[in-house]
Amino acid sequence: MQADYRKRVFANSKIGCDQSGAEVESKRKVGVFMMGYFSEEASVEVVNSRMGSEIDARLRSVMTSLVSHLHAFAKDVELTQAEWEMAINFLTKSGQICSEERQEFILLSDVFGLSMLVDSMNNRREAGATENTVRGPFYVKNAPLRKMGDNISLDGKGESCLFEGAVIDINGKGIKGATIDVWSDNADGFYDVQQPDTQPKWNNRGRFVTDEGGHYAFLGIKPVSYPIPDDGPVGKLLAALDRHPYRPAHMHFLVSAPGYEEIVTHTFVGDDPYISSDAVFGVKNTLVAPFDRVNGDTEWRSHFDFVMVKP
Ligand code: BEZ
Ligand code: FE
């Protein structure tokens, strides 16, 4: 490693000196690129040529592209020193606000649409299969296993809503024994983990297992829209961009069954005021679910079937 590094430094130090074709060729063979010193014009090539010859091929490809796009971006906007400092300061503050419970960098990726892009590219499914969307930061593993029809709303707030449907395969056949892991905010727009001192543990969360015909049913509340955590650098960025921090009302679902691709998704309330401007771009047409008034308008019902495919 050390020797390889010295070789490259040595090669760079000789730039501008006369070298025989054979010498240049032998250096190329050991991966020593004959690049000049840094310049604005050759910045990408100079930086990328520093990578060793033996590194992982995927790492080389990703980093080459990253450097190339980063430099192109800086050149495109003629990035000023003050702007660069502001960006460094933003990233520093984002790191400082991170904790076990708070991940500002994922939030940043979310509001850039990057989380949704990565999710979409990594979960391309055939037409008819249920689409994925972002998992979000509020998922908690091992929620209580509940019985068909149980109520997940433990704080007594909100408008009662029956969520029901089936987990089926692409041919419409019910999948027995599928697990549906669900979570949502409460009527005040907070997840239980955001208010551990005021909400009951596991409020608006639970796992359900489908019956013979693949059916599921549980009671919860009609979801309400809520802001993503906006008291940190990402919130300031949204405000500077004149963007609101709200997510349209949704219920989270993680559906799994042996032999099928896991689905991480939400169902959305279609008439939510933020349905077309989700702060994290999670809405997809196929995920907008019906929410109908039932029982003399005292309750809601939302029917949604999840279509699973094999990997
Ligand atoms: C959520 O839906 O829980 C969520 C997703 C992305 C960022 C913040 C919250
Ligand atoms: Fe959510």
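This is a predicted model: local features need pLDDT of at least 70, side-chain atom pairs count only at pLDDT 80 or more; totals for chains, interfaces and linings use all residues.
How do H6 and H8 lie relative to each other, roughly parallel or roughly perpendicular?

The chain has 311 residues, and 26% of them count as buried. Its secondary structure comes to 8 helices and 12 strands. If we take the contacts between residues at least 6 apart in sequence, 68% of them join residues at least 24 apart.

Now the two helices. H6 covers residues 104-111, and H8 covers residues 233-240. Their axes come within 9 Å and cross at roughly 25°. Angles under 35 degrees count as roughly parallel, so H6 and H8 are roughly parallel to each other. On the H6 side, the contact is made by Glu104, Leu107, Leu108 and Val111. On the H8 side, Pro233, Val234 and Leu238 take part. Sorted by class, that gives 6 nonpolar residues, no polar ones and 1 charged one.

Where is Val283 placed? It sits in the loop between strand E8, residues 263-269, and strand E9, residues 288-289. Is Val283 buried or exposed? Val283 has 22 other C-beta atoms within 10 Å, and it is therefore buried; the cut-off for that is 20 or more.

Which residues does Val283 touch, leaving out those up to four places away in sequence? They are Pro248, Phe268, Ile275 and Asp278. Take Pro248 from that list. Pro248 and Val283 are 35 residues apart along the chain, and their C-alpha atoms are separated by 8.4 Å.

Notes. Residues are numbered from 1 along each chain as its sequence is written. Chains are lettered from A and ligands numbered from 1 in the order in which they are written. Helices (H or I, at least four residues) and strands (E, at least two) are DSSP runs, numbered from the N terminus. A residue is buried if 20 or more other C-beta atoms lie within 10 Å of its own, exposed if 12 or fewer, and partly exposed in between; C-beta atoms are placed from the backbone. Two residues are in contact if their C-beta atoms, placed from the backbone, lie within 7 Å. Axes are lines fitted to C-alpha atoms, for helices over the stretch in contact, and angles run from 0 to 180 degrees between N-to-C directions. Angles under 35 degrees count as roughly parallel, over 145 as roughly antiparallel, 65 to 115 as roughly perpendicular and the rest as oblique. Ala, Val, Leu, Ile, Met, Phe, Trp, Tyr, Cys and Pro count as nonpolar, Asp, Glu, Lys and Arg as charged, and the others, Gly among them, as polar.
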